[in-house]
Amino acid sequence: MVGHRGGPNKVGWPIFAVLFLLPFFVPATRELFGGDSPVWARVLLTLVMYAYGACYVVFPVVFGKPRRVKLTFGVVMLALGLLSTLLLDSSPYILLYATATLAFLFPAGWAVILDALALGSVVVVLLIDGRLEADGGDLISVGGITLAMFFMANLIRAVRRLERANEEIATLAVANERQRVARDLHDLLGHSLTTITVKAGLARRVLESSADVGRAVEEIREVETLTRSALSDVRLTVSEYREVSLAAELAGARAALRAAEIEADLPYAVDNVLPQLQSTFGYVLREAVTNLLRHSAAKRVRVRLGRDWLEVDDDGTGAEAAPGNGLRGLTERVGVLGGTLRSGPRSGGGWVVRAEVPDPGPASAAAPAVRAEPAGGLA
């Protein structure tokens, strides 16, 4: 019966251990009480034999103890097993209780050393006593069974390690999925809610200043459209089916910046960007524009794209701050591709965010950076 830690079950084991010991104890006890040896010798042999059996019954208690305790217990049990085998003139099978126990109790190296020493000692004693030829077959059987117990014990340990590894993998998978959902929802809702706030504020200002109901209604319609789109994106994000498009993010950035009355110099196309980088750069653009709308008083923004880089700079009053969830998430996204993300103040004032991923393609070395920069335009 194997317990949770790869050892025998501590509850049911004593019953089975006593049943396993009966084939040894019954004839040995009968021989001791029926012999003609001195009483003190019979009492001593009885104590040795029953102490050996008690070690076999209680050895599961030693699992989980410090190595020194287990080593002491194993050496004592092995010594009692050797004494029981040699002093009782019994079959070498008696030693099997100790050798099998050590295979489960100790790591592989210690078990091999101690079991080999025990079996070697029995071989030497049987050779001196002239019983090696008669009991050699039994000794070989004991060695074979011990070897089988050794491999079984190591197999149980390997299974337990795999179970623990699977538990850790499951825990990490849950944590990674939570992190993915949190990161995606932050990137998604942060931009959408910021744009909705800007447009709702624009509609309010229109109504307050000029009472242009038509324009205000148009802005409210766009808010409604953005809200529906954000709700759809949330559902797709939770299901991990949402794919960010750099072209769509440029269009969204243009609308958000126009609503915030920020002059935007944006590319008209994204064809020059490597296809495998467009989704990641879409996230970078989304987060950069969101942070700009929230934290900057910028009046002008410029976005530039290359084969393997994206840069967003503005003339706002950004200042050094501790990176939040958005920047950490972007750093992780870009880092997965082997790239870097830099965010900080630029010379002359303003703020710049630049994501760059080494281009694995052969064309990257030949194409100069200026050719990768498309003509911008005012939104």
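Colleague: How many helices and strands does the chain have?

Modeller: The chain has 11 helices and six strands. This is a predicted model, and every value below is computed from it. Of the chain's 379 residues, 42% count as buried.

Colleague: What share of the contacts with a separation of 6 or more comes from residues 24 or more positions apart?

Modeller: Such pairs account for 70% of those contacts. One example of a pair from separate parts of the sequence is Asn154 and Ala108, which are 46 residues apart along the chain, with their C-alpha atoms separated by 7.3 Å. Asn154 belongs to helix α6, residues 132-209. Its relative accessible area is 24%, so Asn154 is partly exposed, the class between under 20% and over 50%.

Colleague: Let us turn to helix packing. At what angle do α2 and α3 pack, and how far apart are their axes?

Modeller: An angle is taken between N-to-C directions, so the direction of each chain segment matters. Helix α2 (residues 39-58) and helix α3 (residues 67-87) pack at about 135 degrees, and their axes are 9 Å apart. That makes α2 oblique to α3. Their crossing is left-handed.

Colleague: Which residues make the contact of α2 and α3?

Modeller: From α2 come Leu45, Val48, Met49, Ala51, Tyr52, Cys55, Tyr56 and Val58. From α3 come Phe73, Met77, Leu80, Gly81, Leu83, Ser84 and Leu87. By class, this contact has 13 nonpolar residues, two polar and no charged ones.

Colleague: How do the axes of α3 and α4 cross?

Modeller: They come within 9 Å and cross at roughly 165 degrees. That makes α3 roughly antiparallel to α4, the class for angles over 145 degrees. This crossing is left-handed. Lys70, Phe73, Gly74, Met77 and Leu78 in α3 meet Tyr97, Ala98, Thr101, Leu102 and Leu105 in α4. The residues of this contact divide into seven nonpolar, two polar and one charged. Phe73 and Met77 of α3 are listed in the contact with α2 and in the contact with α4.

Colleague: Is α4 largely enclosed or open, judged by how many of its residues are buried?

Modeller: Burial is read residue by residue and then counted over the helix. In α4, 10 of the 10 residues are buried, so the helix is largely enclosed by the rest of the structure. Among them are Leu96, Ala100, Ala103 and Phe104.

Colleague: Are α8 and α9 roughly parallel or roughly antiparallel?

Modeller: Their axes come within 8 Å and cross at roughly 15 degrees, α9 being residues 275-295. The two helices are therefore roughly parallel to each other. The crossing is left-handed. Residues of α8, including Leu246, Glu249 and Leu250, meet residues of α9, including Gln278, Phe281 and Arg286. This contact divides into 10 nonpolar, two polar and two charged residues.

Colleague: Where is Glu261 found, and what is its phi?

Modeller: Glu261 is in the loop between α8 (246-259) and β1 (263-267). Its phi is near 60 degrees, a positive value in a residue other than glycine. At 56% relative accessibility, Glu261 counts as exposed.

Colleague: How many bridges join β4 to β5?

Modeller: Six bridges join strand β4 (residues 340-345) to strand β5 (residues 351-356), and the strands run antiparallel. Arg342 stands opposite Arg354 in β5. The hairpin has five residues between the strands, and Gly348 there takes a positive phi near 90 degrees.

How values were computed. Residues are numbered from 1 along each chain as its sequence is written. This is a predicted model: local features need pLDDT of at least 70, side-chain atom pairs count only at pLDDT 80 or more; totals for chains, interfaces and linings use all residues. Side-chain values use heavy atoms; hydrogens and water are left out. Axes are lines fitted to C-alpha atoms, for helices over the stretch in contact, and angles run from 0 to 180 degrees between N-to-C directions. Helices (H or I, at least four residues) and strands (E, at least two) are DSSP runs, numbered from the N terminus. Angles under 35 degrees count as roughly parallel, over 145 as roughly antiparallel, 65 to 115 as roughly perpendicular and the rest as oblique. A crossing is left-handed if the near helix is turned anticlockwise from the far one by less than a right angle, and right-handed if clockwise. Contact means heavy atoms within 4.5 Å. Ala, Val, Leu, Ile, Met, Phe, Trp, Tyr, Cys and Pro count as nonpolar, Asp, Glu, Lys and Arg as charged, and the others, Gly among them, as polar. Two strands pair if DSSP finds at least two bridges between them. Buried means under 20% relative accessible area, exposed over 50%, partly exposed in between (1.4 Å probe, protein chains only).
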